[in-house]
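Welcome! Open your viewer, and let us walk through this structure one selection at a time.

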Amino acid sequence: MQGDGWLKTNYQTIRNALAPFSSRGPVASSWTIKPDLIAPGVEIVSTVPEGYASLQGTSMASPYVAGVTALLKQAYPHDTPEQIKARLLSSTDLFKMGEEELSPSEQGTGFINMNKALTQSYIIDHNRLNFGKIEKGLKKVDQTITIKNLSRKPLDIKWNIPKRENGIVWDLPLNSTIGPNEKRRFKVGAQINSRRTEKGTREGYIEVSLNQQQKHLPYLFINETSDYPRITGMELDMAPFQTEHLTLRFYVNEPIEKLTATLIDPKDLHAQPLFTQENVSKGVFEKEFKISDLPEGEYKVVFEMTQDDETLYEEKEIYLPEF
């Protein structure tokens, strides 16, 4: 450096975290656990016309999962699509942000693990425990899963009793051993007293030990009612071979008479109208925008929804890329 000039270096530690715009569950129409799993999808360097750009969203996470799936198909060419999916969902890792354990509605079965998917010695079919909606009173729920031992050694199965909760009595299988290259069905259930259990979405994990390797099976049920989101799965997508337009896409869980979206800058709370649409049907909703008409950076999208003379609000986070 010349004269009295100095160069200062600032260091920043970036830890694994779930993106605020990552889609959450459950599926409002069936009360089933979604997503299936989570994968890298933030600040992924990808090709764009005339170069590269850092992008995020399902458009980045899906190719990662597709790549792992291709490796699995190469390693196990005779596996069916259902078997490949079972390998993926059986080998995920429980994802935590610091000491906080994310819920099944946020991570599904967990974070994708390519090495375990290729080498793990067992598969668990139907490993998401979807118990549906519980009406008033006492209800018994259960789901059958199948554990396949893929190795030439016995597989010891031990079930860990969950922490006691008011209104929930778990009915877990007995500890057992599965012989080499054999499979066994297990029924996992519970008795739920809706009057003694907190209303709304109830979810967590059942721990099972497979040859001393811990696996967490996600479970979910709705007790009587839940303040479910009307808009889910929001993402931005850019068609290939162009950098002029972005498509905003999300799923509408029930018809909306009038939908208004507004961008909010979290730094100064400046509001910018995004769009207004009347008579929005249930299903996938798409809206295309010129990139030049949009700001850049992290924003919040506030949705104002009119249904049956009632006005509802939902807030989502979104990242608008720089080009």
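A cavity here is a set of points, on a 1 Å grid over the protein atoms alone, where a 1.4 Å probe fits but cannot get out; lining residues have an atom within 4 Å of a point. Grid points are joined across faces, edges and corners, and a volume is the space filled by probe spheres set on the points. You are looking at a predicted model, in which local features need pLDDT of at least 70, side-chain atom pairs count only at pLDDT 80 or more, and totals for chains, interfaces and linings use all residues. Residues are numbered from 1 along each chain as its sequence is written, and side-chain values use heavy atoms, leaving out hydrogens and water.

First, select Leu236, Leu248, Leu263, Leu274, Phe289, Leu294, Ile318 and Leu320: they line the largest cavity. Its volume is about 50 Å³.

Next, show the strands (DSSP runs of E, at least two residues, numbered from the N terminus). Five of them form an open, mixed sheet in the order β6-β13-β12-β8-β10; strands pair if DSSP finds at least two bridges between them. At the edges, β6 (129-134) and β10 (176-178) each pair on one side only.

Now zoom in on β12 (residues 200-210) and β13 (residues 213-223), which pair in the antiparallel sense over eleven bridges. Here Glu203 stands opposite Leu220 in β13.

Finally, pick Phe221, also in strand β13. Is Phe221 buried or exposed? It counts as buried (under 20% relative accessible area, 1.4 Å probe, protein chains only) because its relative accessibility is 1%. Phe221 and Gly132 are 89 residues apart in sequence, yet 5.0 Å apart in space, C-alpha to C-alpha.

How values were computed: On a 1 Å grid over the protein atoms alone, a cavity is a set of points where a 1.4 Å probe fits but cannot get out, and a pocket is an open set with protein on both sides within 12 Å along at least five of seven lines; lining residues have an atom within 4 Å of a point. Helices (H or I, at least four residues) and strands (E, at least two) are DSSP runs, numbered from the N terminus. Buried means under 20% relative accessible area, exposed over 50%, partly exposed in between (1.4 Å probe, protein chains only).
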